[in-house]
Amino acid sequence: MSKSISIAVVGSGYVGLVAAVCFAEMGHEVICVDNDERKVVALQGGDTLIHEHYLPELLSRYRNGRVRFTTDLADATRKCAAIFIAVGTPQSETGDADLSYVEAVACEIARSIDSYKVIVEKSTVPVYTNEWISRAMERNGVDHSLFDVVSNPEFLREGTAVADFLHPDRIVVGADSERAGAILKDIYAPLTNGEYYQRADGIPGFCSVSEPPPLLMTSTKSAEIIKHASNAFLAMKISFINAVSNLCEAANANVEQVAKGMGLDTRIGPKFLRPGIGYGGSCFPKDVAAFRSVADQMGVDFSLLSEVEKINAQQKKRFVSKVRSALWNLRGKKLGVLGLAFKGETDDIRESPAIEIVKMLLAEGCSISAFDPAAAKRTEQILPASATLRYVDEAYDAAADADALLILTDWPEFAELDLKRLNQALRYPIVIDGRNLYDPHAMTEHGFTYLSVGRPAAYPVRDLASAPSR
Ligand code: UDX
Ligand code: UDX
């Protein structure tokens with residue numbers, strides 16, 4: 001039977017909240033700390049605050065029991081053996097990660113620490129952060145025998161974060177002290193020894209008793225770099241396939257076939273080869289920029305990362321050009337937009353390419369009716385409804401009387417629209433799909449002009465003669 005450890009998680013955002021309920025699910029006692037009192041009260045009352053699969057179930061299992069929510073970091077520090085820092089590490093103006101929240105948390109821990117604690121970096125941070133945390137603690141008068149700093153990066157994808165946490169590909173623990181490493185091993189023991197996967201009420205996923213996740217022990221700095229390098233590599237894979245998709249468009253080839261052919265090579269693998277409108281979200285854009293900036297500061301030329309960013313920025317502009325190529329002039333055109341979140345199955349709109357494209361089209365003089373199953377409310381807070389922007393309650397309302405329909409987020413339900421109904425709703429049956437959710441042949445059979453990413457433009461048979469020349 002694995003040991004129950006007392007854990008504090010500081011930050012109850014997309015990362016911290018998921019970590020807190022998942023640690024409770026693994027049998028630990030968790031105090032989740034946030035300095036936003038409204039959030040704490042909402043969580044205590046059972047509001048999940050974010051759209052995340054399995055979060056409501058786990059929160060109702062453990063709320064105010066094995067997971068308690070508080071603003072009191074000092075009390076949590078004294079009560080817990082391990083303190084996970086999961087506060088935001090936003091991008092600063094120079095591209096570096098802004099670590100001021102991490103520093104504030106370290107200073108507050110320093111003021112209340114009264115026995116040995118392991119301080120765990122869960123937020124994505126640059127390679128030298130563990131040293132800075134140690135220095136901040138020592139500057140505030142804490143003897144180094146009272147703490148260790150370890151790095152335990154998260155690899156959670158929003159939307160599937162709970163299952164990713166409990167069924168990880170790997171657990172990375174960067175610890176320079178055996179004592180701290182041993183505590184982290186105990187924390188993850190229910191996963192690594194397979195115990196969790198014997199439970200009948202466990203969250204389903206691909207790990208099992210016979211195939212539990214591996215735990216990789218590294219130095220603290222290596223773990224910090226693993227996180228940045230992994231995200232930058234995935235972003236690079238996406239930019240690579242986006243550049244290939246542009247080549248496919250120029251050559252009239254099909255990027256889906258090309259990606260399939262590449263992905264069958266096990267050295268390349270099929271994942272993260274979906275072309276689209278560029279990556280977004282709270283991690284890839286900021287982590288690529290931060291990794292580039294760290295390399296710069298250390299005198300290492302990593303200009304490959306600048307190219308990754310350049311391709312990503314161009315991909316959004318290319319999409320707007322594609323809309324123009326289908327509609328001729330943009331000014332005065334009425335567009336339906338499906339999707340505002342940075343990807344499907346989340347309400348997160350941070351760095352959403354969909355919203356950037358909406359802004360560009362509004363600036364070109366289009367009017368837009370937008371629908372998103374979960375992210376409209378958040379979008380409306382930063383982009384209020386106006387004479388040219390309406391938020392509607394379903395996909396067909398977005399399409400109603402529009403000159404074209406744009407698909408900007410890969411929500412599964414957007415791939416299952418009733419094509420007959422959609423065709424009738426639109427003023428002109430034109431669909432411009434930034435996520436390749438439909439088979440071009442099926443679209444032309446339903447009478448659509450269908451433009452997607454990296455695949456030949458498809459026109460209904462009767463329209464072939466009138467297809468614009470490139
Ligand atoms: C963030 C980072 O964006 C990501 O890179 C990192 O890996 C983990 O932290 P996320 O959980 O999505 O990810 O951030 P966010 O939803 O902004 O949550 C951060 C939480 O920390 C907020 O609830 C905020 O109120 C809280 N916070 C922030 C504190 O409790 N104390 C602080 O000093 C600052
Ligand atoms: C990512 C990492 O996957 C995760 O390991 C890390 O901990 C946090 O950052 P997340 O941002 O939640 O997770 O989403 P992810 O599924 O990785 O997608 C990121 C962006 O890339 C989205 O905008 C998505 O639409 C885009 N994407 C993803 C593509 O354009 N093509 C792909 O093939 C995959």
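**A tour from the ligand to the loops**

Begin by selecting ligand 1 and tyrosine 14: a backbone N or O atom of tyrosine 14 lies 3.0 Å from an oxygen atom of ligand 1, within the limit for a polar contact (a pair of N or O atoms within 3.5 Å; within protein, one must be able to donate a hydrogen and the other to accept it, and residues adjacent in sequence count only if both atoms are side-chain atoms). The model is predicted, with local features requiring pLDDT of at least 70 and side-chain atom pairs pLDDT 80 or more, while totals for chains, interfaces and linings use all residues. Residues are numbered from 1 along each chain as its sequence is written, chains are lettered from A and ligands numbered from 1 in the order in which they are written, and side-chain values use heavy atoms, without hydrogens and water.

At asparagine 35, a polar backbone atom is 3.0 Å from an oxygen atom of the ligand. Taken alone, ligand 1 exposes 690 Å², of which the protein buries 87% (Shrake-Rupley areas, 1.4 Å probe).

Now display the 19 residues around ligand 1, among which Val15, Asp34, Lys39, Lys286 and Arg350 come nearest (a heavy atom within 4 Å). This shell divides into five nonpolar, eight polar and six charged residues; Ala, Val, Leu, Ile, Met, Phe, Trp, Tyr, Cys and Pro count as nonpolar, Asp, Glu, Lys and Arg as charged, and the others, Gly among them, as polar.

Next, select phenylalanine 23 and phenylalanine 165. Their ring centres are 5.2 Å apart and their planes stand at 85°, so the pair is edge-to-face (centres within 6.5 Å, planes over 60 degrees apart). Phenylalanine 23 belongs to helix H1 (residues 14–25) and phenylalanine 165 to helix H7 (residues 161–166), 142 residues apart; helices are DSSP runs (H or I) of at least four residues, and strands (E) of at least two. Both phenylalanines are buried (under 20% relative accessible area; exposed is over 50%, partly exposed in between; 1.4 Å probe, protein chains only).

Finish in two loops. Aspartate 401, between helix H15 (395–399) and strand E12 (404–407), has a positive phi near 60° and is partly exposed at 40% relative accessibility. Asparagine 436, between strand E13 (430–433) and helix H17 (440–445), has a positive phi of about 50° but is buried at 12% relative accessibility.

How values were computed: Phe/Tyr/Trp six-rings, centres within 6.5 Å; stacked < 30°, edge-to-face > 60°.
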